[in-house]
Amino acid sequence: MKRFFAILTFVVLTLSWASAQRLPETARPENYKLTFTPDLENAKFEGDETITIQVLKPTTEITLNAVDIDFHDVSITSGSTQKAKVTPQKDKEMVVLTVEKPLPAGTAKVHITYTGILNSEMRGLYLGKDDQGRKYAASQFEATDARRAYPSFDEPDYKATFDITAVADKGQVAVSNYKIVSDTPGPGDKHTVKFATTAKMSSYLAALVVGNFEYVEGSVDGIPIRVYSTPGKKEMGKFALDAAEYIVGYYNKYFGIKYPYGKLDLIGLPDFSAGAMENVGCITFREVILLIDEKQGSVDLKKTIASVTSHEIAHMWFGDLVTMKWWDDVWLNEGFATWMSSKPVAKWKPEWNFDLDDVSNNGGTLNVDSLANTRPIHQDAETPAQIQELFDGIAYGKAAAVLRMLEAYLGEETFRAGVNAYIKQHEYGNATAADFWVAQAKTSKKPVDAIMPTWVQQPGAPIINVKAQCSGNSTNVSVSQQRYYFDRTKFEASNEQLWQIPLCLKGSSSGNAASKCELLSKREASFTLPGCSNWVLANAGAAGYYRVGYEPDAVRALAADAESKLSPAERISVQSDVWASVRVGREPVGDYLAFAQGLQADRNRAVQEDVLGRLDFIQRYLVSDTDRDSYRAWLRQYLTPAMKELGWEPKPGESDEQRTLRARLFNALGYDARDPEALAEARKIADKALADPSSVDHELATGAFSLAALNGDAAFYDKVMAALKNTKSPEEYYIYFFTLPQFGDTKLLQRTLDFSISPDVRSQDALQLVTGVLDNPAGEKLAWDFVRQHWPELEKAGGPFASAQIVNATSVFCDAGMRDQVTEFFSAHKVAAAERTYKQSIERINNCVDLKSQQEPQLESWLGQHGTAGGK
Ligand SMILES: [Zn+2]
């Protein structure tokens with residue numbers, strides 16, 4: 001599964017109060033024969049199911065998972081056929097089927113006819129509606145919702161084959177995991193679509209979509225690939241189709257196991273709770289991260305579509321072919337798919353520099369891992385709520401980062417050989433974390449089985465403190481490791497944990513010589529590098545998942561050498577390291593700003609993007625009202641030269657990276673620096689786009705609209721709202737949609753909040769308007785009041801599981817009073833599946849309050865020395 005990150009970062013989580021005890025080990029499924037007859041008008045479906053099972057020991061009871069299923073006839077055949085009594089165990093989401101005569105060990109068949117609900121909650125088998133009001137049914141089973149569509153052994157290691165049949169209305173198509181083997185008229189005016197028998201797969205990977213859809217089609221290595229959309233949008237599927245063809249071809253070679261499921265369909269759904277879902281052979285997506293107008297579409301969205309498509313297709317091997325044994329190892333699915341997804345895209349579009357985005361993402365993940373309330377990659381989980389909360393930045397980002405580090409340590413080819421051995425050994429089965437590192441240790445003959453547990457089993461990440469001393473013609477480097485916390489008290493005291501760290505060193509005088517790589521397994525170690533260096537980089541190549549603490553002198557020396565001696569990836573990681581020292585009070589914030597100033601002439605998009613993110617954070621949290629103008633003046637002098645060079649509007653022949661860099665600079669100049677010229681330009685571009693939506697490319701429009709909203713009046717708001725109701729592509733829709741929370745005027749923000757709980761907003765999007773206003777300093781208090789006043793409506797509007805997004809969004813506050821309000825409110829309104837998220841939000845607010853008190857005066861004094869000069 002991929003969470004929806006496309007535009008605003010938030011967490012899609014699901015929750016349930018039910019406790020999920022594990023199924024008793026009395027039988028295993030071999031095959032499900034399933035016929036679904038959706039009744040879209042009455043929001044229900046009929047199910048006919050035969051499960052072929054292996055009874056492990058004689059028993060009179062078979063326990064299955066089932067939720068919201070109305071059982072009709074239930075019988076079990078083993079020699080003779082017996083009627084079974086159905087006893088629900090609601091709190092466990094199970095039913096017990098009981099027969100009178102014991103079933104002997106061996107094969108039996110469970111036959112069930114039942115009625116289920118086509119719910120509006122985007123889980124199980126659910127009901128959706130396209131822009132024209134046409135209804136469709138779609139499935140979303142991960143993690144624990146297959147049981148809402150069919151009674152099942154709904155745990156990942158009960159793999160079985162599936163024979164799925166769908167009875168669809170006339171004119172509607174049905175898509176499932178495998179190819180269609182027959183499509184025959186009847187019963188009545190419906191038609192019956194039978195799909196081929198699948199390979200063995202977990203229950204959560206079955207899929208069915210029934211409705212009005214059309215497609216574009218291609219193929220690679222003899223595998224047909226289709227991209228489906230609701231009617232009228234199929235041309236917008238061509239970009240994803242091109243990407244998918246390249247990606248499947250790439251993986252076929254990488255894994256040495258050809259794509260195993262016969263065909264691949266990618267389906268854009270108007271209603272979808274996550275970002276995308278890797279059902280075997282039938283990947284479902286939110287429309288906006290599959291369908292794009294290629295001519296007008298933004299580079300950012302193209303990158304998202306390519307990357308999510310690549311992530312989901314990687315799951316066909318990592319997750320689908322080899323599945324984690326239990327959800328505590330969900331990182332074996334998500335971390336691997338995330339790590340893998342950059343590879344084909346980086347080859348397909350080298351001009352996008354995906355490798356640098358991986359380095360930037362490391363920074364974001366390390367931020368989560370710097371909290372005392374982070375979790376280890378491997379984490380026990382039993383209930384559906386606990387399982388859902390595991391789909392977080394640790395399972396995706398940290399696991400991917402650790403794999404990237406390990407790959408760099410072992411070498412790409414050795415690592416690949418280990419991956420292939422692991423997949424081959426467990427294909428069509430299940431695996432644990434230990435299976436993976438045992439395979440890697442065996443292929444590489446390196447201590448992977450000693451390294452990996454230190455990263456997978458313990459929470460947090462280390463900082464490596466480096467001291468370098470030149471002596472004669474060599475440099476002595478001493479390093480020490482400790483766990484890094486944003487919490488200064490915890491950080492200063494931390495000495496409990498140890499990691500085995502693949503470390504790469506490179507000194508200022510190393511020139512182009514390869515860096516020296518070692519495995520740091522003790523708390524402290526020293527090394528000698530040839531040449532006299534005034535700084536030594538401890539994460540050379542930037543493949544390491546750790547922070548580095550440099551001495552202040554080394555930071556200054558690094559700043560001077562950054563452009564000439566560090567690669568773009570190293571520049572990203574070093575500026576992130578300098579910032580990490582500021583966060584714990586080891587360096588004043590001015591040292592970071594001086595370092596950033598040294599990167600002013602750097603035109604690398606990814607480097608600037610990272611720097612601008614931190615300059616924005618400083619603007620929002622560390623600048624006092626008195627200092628705001630001088631900080632903005634400093635920002636303007638920092639940003640203006642690059643902006644002038646690029647110009648406000650795209651030029652023919654420029655690269656995608658230049659277009660993206662323009663958008664980032666434009667936004668920083670308008671938003672953080674409040675540059676009057678940028679704001680006027682933004683309004684001009686927004687007005688032009690409103691008058692003729694096809695006249696402005698979406699990269700430019702996205703930034704222009706949010707800046708225009710800062711000073712936008714009611715007339716502008718009305719125009720944006722009118723445009724929202726008449727858009728040609730999903731991307732265009734979300735440009736207007738995400739403008740609504742960006743206004744500076746609180747009356748208009750109130751309209752946005754009211755709109756969020758109206759029937760005009762899709763359930764999947766509703767809470768993003770609220771979290772958007774929370775994230776807007778002009779609206780944060782207003783949005784918080786709205787949350788408290790309308791909590792039951794919000795829980796309903798977002799679907800039963802979405803309120804965790806709001807818990808997550810409260811981490812934007814940076815004052816003790818707001819923290820107390822958040823604590824008080826969520827103590828009274830518990831949000832399951834957001835238990836850890838809640839603790840993290842409170843911790844983030846506390847960290848921010850501390851940082852502010854510590855760095856605000858430092859910033860004031862730095863600006864006193866540098867601000868005026870910047871104002872010129
Ligand atoms: Zn995934």
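Me: Thanks! Let's start with Cys470: how exposed is it?
Reply: Cys470 is partly exposed, with a relative accessible area of 31%. Here buried means under 20% relative accessible area, exposed means over 50%, and partly exposed lies in between (1.4 Å probe, protein chains only).

Me: Before we go on, what kind of model is this?
Reply: It is a predicted model, where local features need pLDDT of at least 70 and side-chain atom pairs count only at pLDDT 80 or more, while totals for chains, interfaces and linings use all residues. Residues are numbered from 1 along each chain as its sequence is written, and side-chain values use heavy atoms, with hydrogens and water left out.

Me: Got it. Which residue forms a disulfide with Cys470?
Reply: Cys532 does, and the two sulfur atoms are 1.9 Å apart; a pair of cysteine sulfur atoms counts as a disulfide within 2.5 Å. The pair links distant parts of the chain, 62 residues apart: Cys470 is in strand E23 (residues 462-471), and Cys532 is in the loop between E27 and strand E28 (536-537). Helices (H or I, at least four residues) and strands (E, at least two) are DSSP runs, numbered from the N terminus.

Me: How many disulfides does the structure hold?
Reply: Three. One of them joins Cys504 and Cys517, with the sulfur atoms 2.1 Å apart. Another joins Cys814 to Cys848 (S to S 2.1 Å).

Me: Why is the link of Cys814 and Cys848 called left-handed?
Reply: Because the torsion about its S-S bond is about -100°. Cys848 is buried, at 5% relative accessible area, and Cys814 also counts as buried, at 14%.

Me: New topic, sheets! What is the strand order in the open sheet of four strands?
Reply: The order is E27-E24-E23-E29, with mixed pairing. Two strands pair if DSSP finds at least two bridges between them. E27 (524-530) and E29 (547-549) stand at the edges, each with a single partner strand, so one side of each has no neighbour in the sheet.

Me: How many bridges join E24 to E27?
Reply: Seven, and the two strands run antiparallel. In E27, Phe527 is the bridge partner of Val477.
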